[in-house]
Amino acid sequence: MDTSKFTDEQTGQLVTVPVSTGKDRAFVPNPLYPDWQIPQEIWALLADAKMALGRLDGVGRRLPNPELLLSPLRSREALRSSSLEGTYATPKELLLFELEPVVPATSGDKANAQLEVSNYGRALREGFNALQEYPLSLSLIRNLHQWLLEGVRGDDKSPGKFRETQVHIGSGRRFIPPPPTHLSQCLQELDAKLRPEEQGQREYDSLIMCYLLHYQFETIHPFRDGNGRVGRLILALTTWKWCGLSMPWLYMSPFFERYKDEYINNLFNVSARGDWSAWIEFCLKGTIVQAEDAIARCDALIYLRDDWIAKITQGNIRLVTLIDSLFTRPILTTTIVRQLTGVSQPTAQSDIDKLVEAQFLVPIDGTLRPVVYAAPQILDIAYGEPADI
């Protein structure tokens, strides 16, 4: 690690660690929360970010079914957070995989990536359910890691267990997290800050605290693999829980991926130069971008749903049910139709044919039986880039 980049303002200590070439230095962060005074320009940005988050929560609260927005946002977060770590799957690949999951046959099997992304979505759902009953804890963080790595590449790297070996980040050991000898103390200090409301800790605004915690977790890097994804899982869950949102509406991975170099550099510069202001400013700007993006997607989805129902259903409750299902999972098969409505196979196919004729659905894989149909307009809104919405 290039220790020349560290200054007197660094937010931790450099300690010597053994590496394959001899010795290097690792970084051990100071406990949260920092002795950092929020500058005036960040107070104004914080107010804008909180307003954007409030508008998003208001839009979400008015939805008759929160999954209309939550489902595509979760899936997009899973795809983007995974691609940040070099794991790639398309929305269609993810939907087809979750329709009929398969066990990867080899390390090079494309199903590995699809399972990894699917696991991320599962970890989000499981974490949300757990936090409705229990506070955030190291135990829950280990569970998130277990759910994330179950059955995928990396499941040989102690899923659900904190590391006992040294790790490094980036080529050439760009950053070296705390050695195992310091990890237990770092985690104890982290655990003391995981329940701020319960412990009456309000050093900073709750939204800023979420981003301070994200920095701390990523810097500690407590697992052998999957730290980036677990850290972003925690971020999505803490912004919901600590900021008092009705649901986990805010997902930052698309923003972090779009500005990956800034994301990485800002994290590093907190450690090396104590530059909390640049990190928090970056995150608050991302909050505004992602909140407004989610609102735009929600508005577009609601408009499309209402338009489809007005055009085709004519009081047909079955078609309304099928259209509503497409907005939480934009694929259909005759099997899904039968499960949703209880109709016969011919009637299920007839209902799908009506949606195809209306150009709401198109077949995406005619080799599968039953044939899988997708709703491309919904896919574009849910997964497209902001300019395409």
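This is a predicted model: local features need pLDDT of at least 70, side-chain atom pairs count only at pLDDT 80 or more; totals for chains, interfaces and linings use all residues.

Directly after helix H11 comes Gly 274, which has a positive phi, near 65°. H11 covers residues 260-273. Its 14 residues should span 20 Å at 1.5 Å a residue, and the distance of 19 Å between its end C-alpha atoms therefore agrees with that expectation.

Which residues of H11 are buried? They are Tyr 263, Asn 266, Leu 267, Phe 268, Asn 269, Val 270, Ser 271 and Ala 272. The cover over these buried residues includes strand S2 (22-29), H8, H9, helix H10 (253-258) and helix H12 (276-313).

Two or more lining residues come from each of helix H8 (206-220), helix H9 (227-242) and helix H11. Of the elements, H11 gives the most, with 6 residues. By class, the lining of the largest pocket has 9 nonpolar, 12 polar and 11 charged residues.

In an unreviewed UniProt entry, the annotation "binding site" covers Glu 85, His 221, Asp 225, Gly 226, Asn 227, Gly 228, Arg 229, Val 230, Gly 231, Arg 232 and Tyr 263. Among these annotated residues, Glu 85, His 221, Asp 225, Gly 226, Asn 227, Gly 228, Arg 229, Arg 232 and Tyr 263 are part of the lining of the largest pocket. Tyr 263 is also one of the buried residues of H11.

Glu 85 sits in the loop between helix H2 (67-84) and helix H3 (91-99). Its relative accessibility is 42%, so Glu 85 counts as partly exposed. Setting aside residues up to four places away in sequence, Glu 85 touches Gly 228, Arg 229 and Arg 232.

His 221 is listed by UniProt, again in an unreviewed entry, under "active site". This histidine lies in the loop between H8 and H9. Is His 221 buried or exposed? It counts as buried, because its relative accessibility is 13% and the cut-off for buried is under 20%. Beyond its neighbours within four places in sequence, His 221 is in contact with Arg 163, Val 167, Ile 169, Pro 177 and Asn 227.

Val 230 belongs to helix H9 and is buried, with a relative accessible area of 0%. Not counting residues up to four places away in sequence, Val 230 touches Ile 141, His 145, Leu 148, Phe 217 and Phe 223.

Ala 296 is found in helix H12 and is partly exposed, with a relative accessible area of 32%. From Ala 296 to Trp 276 there are 20 residues in sequence and 30 Å in space, C-alpha to C-alpha.

Rolling a probe the size of a water molecule over the atoms shows where empty space is left. How many cavities of 30 Å³ or more are there? The count is 2.

The largest cavity has a volume of about 80 Å³. Its lining consists of Leu 56, Leu 73, Arg 76, Trp 249, Leu 250, Tyr 251, Pro 254, Gln 290, Asp 293 and Ala 294. H2 and H12 are the elements that give two or more residues to this lining, and the largest share, 3 residues, comes from H12. By class, this lining has 7 nonpolar, 1 polar and 2 charged residues.

The second largest cavity holds about 60 Å³ of space. Residues lining it include Ser 71, Pro 72, Ser 75, Leu 301, Arg 329 and Tyr 383. Here the elements that give two or more residues are H2 and helix H16 (376-383). The lining of the second largest cavity divides into 8 nonpolar, 3 polar and 1 charged residues.

How values were computed:
Residues are numbered from 1 along each chain as its sequence is written. Side-chain values use heavy atoms; hydrogens and water are left out. Helices (H or I, at least four residues) and strands (E, at least two) are DSSP runs, numbered from the N terminus. Ala, Val, Leu, Ile, Met, Phe, Trp, Tyr, Cys and Pro count as nonpolar, Asp, Glu, Lys and Arg as charged, and the others, Gly among them, as polar. The expected span of a helix is 1.5 Å times one less than its number of residues. Buried means under 20% relative accessible area, exposed over 50%, partly exposed in between (1.4 Å probe, protein chains only). Contact means heavy atoms within 4.5 Å. UniProt positions are given in the numbering used here, feature names are shortened, and annotations may be inferred rather than shown by experiment. On a 1 Å grid over the protein atoms alone, a cavity is a set of points where a 1.4 Å probe fits but cannot get out, and a pocket is an open set with protein on both sides within 12 Å along at least five of seven lines; lining residues have an atom within 4 Å of a point. Grid points are joined across faces, edges and corners, and a volume is the space filled by probe spheres set on the points.
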